[in-house]
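Thanks for coming. I will take one structure today and go through it from the overall fold to a few side chains. Please have a look at it first.

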Amino acid sequence: MQSTQIDMVLRRITTILSVVIVTLTLVGATTGILLSFYYEPAAGRAYQSLRAIDTQLNYGWLFHKAHAIAGNAVVGVSLIQIVVMFVSRQFTKSWLAAWISGILFTLSAIGLGWTAMILSWDQEGFWRFSIELGTIEAIPFVGSLLRDILTGGTGISTVTVQHLYTIHSYVVSVAALVLAIVHLASVLWQEKRVAQEVGASLVES
C-alpha cells in the first residue's frame, strides 16, 4: 500500500514537472520571439544589439533575462523529471511515448543552449564555440561536413552566427516546443489511465 502511494506521488510529480517544462518552453519561445525583433545575427552587431536590448528598450533586460533563465531552468527540470520517472519505475510500454518525448526534449533543450553559445558574440561564447568546433571536426567521416554546415565553410563569422541563429530559432526551438507538448499529453494520458484503473478497482471491491 505504501509503495502504491509513493508511486502515485511520483507520478503526480512527473505530471507537475511536465507542466513546468511546457511553461518554461513557452516563456523561452515567447521571449525569444520578442528578442528577435531587435536582435541582429551578425558578427559584432549581435553583441551590440543585445546591449541595446538590455539598456535602451523598455523591459528589454527583463525579457533577455527571462529567456536565459527559462533556457537554463528547463534543462534542469527535464533532467530531474527523467530521474523521477526512473525512480518511479515507469518502464511499461504505455510509458514509451513519455520516455521518448522526454529524452528527445531534454536533448533539444541542451541543443538550444549549445546553439545559443555564439549568438551573443562575446569572448566567452566565441572561444567556447571554437573549442566545440574542434571536437565536432574530430568526429569520424562527418566531422568536417558538420563543421562546414555550422560555420558556412569558413572560419567563425557572420555566416556562422546566421546558421546557428537559424538552427536555434527555427529548427531546435520548434522541435522542443512540439516535444514538450507531446510529452505533457503522454503524461496526462497516463494519469487518466491510472485514475480509471483505480476507479475500476474500487468499484469491484
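A residue counts as buried when its relative accessible area is under 20%. By that cut-off, 34% of the 205 residues in this chain are buried. Please keep in mind that we are looking at a predicted model.

The overall picture first. The chain has 7 helices and 0 strands, and in sequence order the pattern reads α-α-α-α-α-α-α. Its C-alpha trace spans about 70 × 50 × 25 Å along the principal axes. Of the contacts with a separation of 6 or more, 71% join residues 24 or more positions apart.

Now the inside. Nonpolar side chains tend to be buried together in soluble globular proteins. Here, the largest nonpolar core has 18 residues. Ile-21, Leu-24, Val-74, Val-77, Phe-105, Ala-109 and Ala-180 have the most contacts inside it. Which elements give two or more residues to this core? They are helix H1, residues 2–36, helix H3, 60–87, helix H4, 96–115, and helix H7, 158–204.

Next, the outside. The chain exposes about 12000 Å², and carbon and sulfur atoms supply 70% of that. On the surface there is a nonpolar patch made of Ile-33, Leu-34, Phe-37, Tyr-38, Tyr-59, Trp-61, Leu-62 and Phe-63, together with about 880 Å² of accessible area. H1 and H3 each supply at least two of its residues, and H3 gives the most, with 3. Phe-63 is in helix H3. Is Phe-63 buried or partly exposed? Its relative accessible area is 33%, so Phe-63 is partly exposed.

Last, the aromatic rings. A search of the whole structure finds 5 aromatic pairs. In one of them, Trp-121 and Phe-126 have ring centres 5.6 Å apart and planes at 80 degrees, so this pair is edge-to-face. Phe-126 also forms an edge-to-face pair with Trp-127, at 5.1 Å centre to centre and 85 degrees between the planes. Elsewhere in the chain list, Tyr-39, Tyr-165 and Tyr-170 form one aromatic cluster.

Conventions
Residues numbered from 1 in each chain as written. Heavy atoms only, no water. Core = buried A, V, L, I, M, F, W, Y, C linked by side-chain atoms within 4.5 Å. Buried < 20%, exposed > 50% of the residue type's maximum accessible area, 1.4 Å probe, protein only. Helix = DSSP H or I, 4+ residues; strand = E, 2+ residues; numbered from the N terminus. Patch = residues over 30% accessible without salt bridge, like charges linked within 9 Å, V, L, I, M, F, W, Y side chains within 5 Å. Areas by Shrake-Rupley, 256 points an atom, 1.4 Å probe, with all protein chains shown as cover. Salt bridge = Lys/Arg side-chain N within 4 Å of Asp/Glu carboxyl O. Contact = heavy atoms within 4.5 Å. Phe/Tyr/Trp six-rings, centres within 6.5 Å; stacked < 30°, edge-to-face > 60°.
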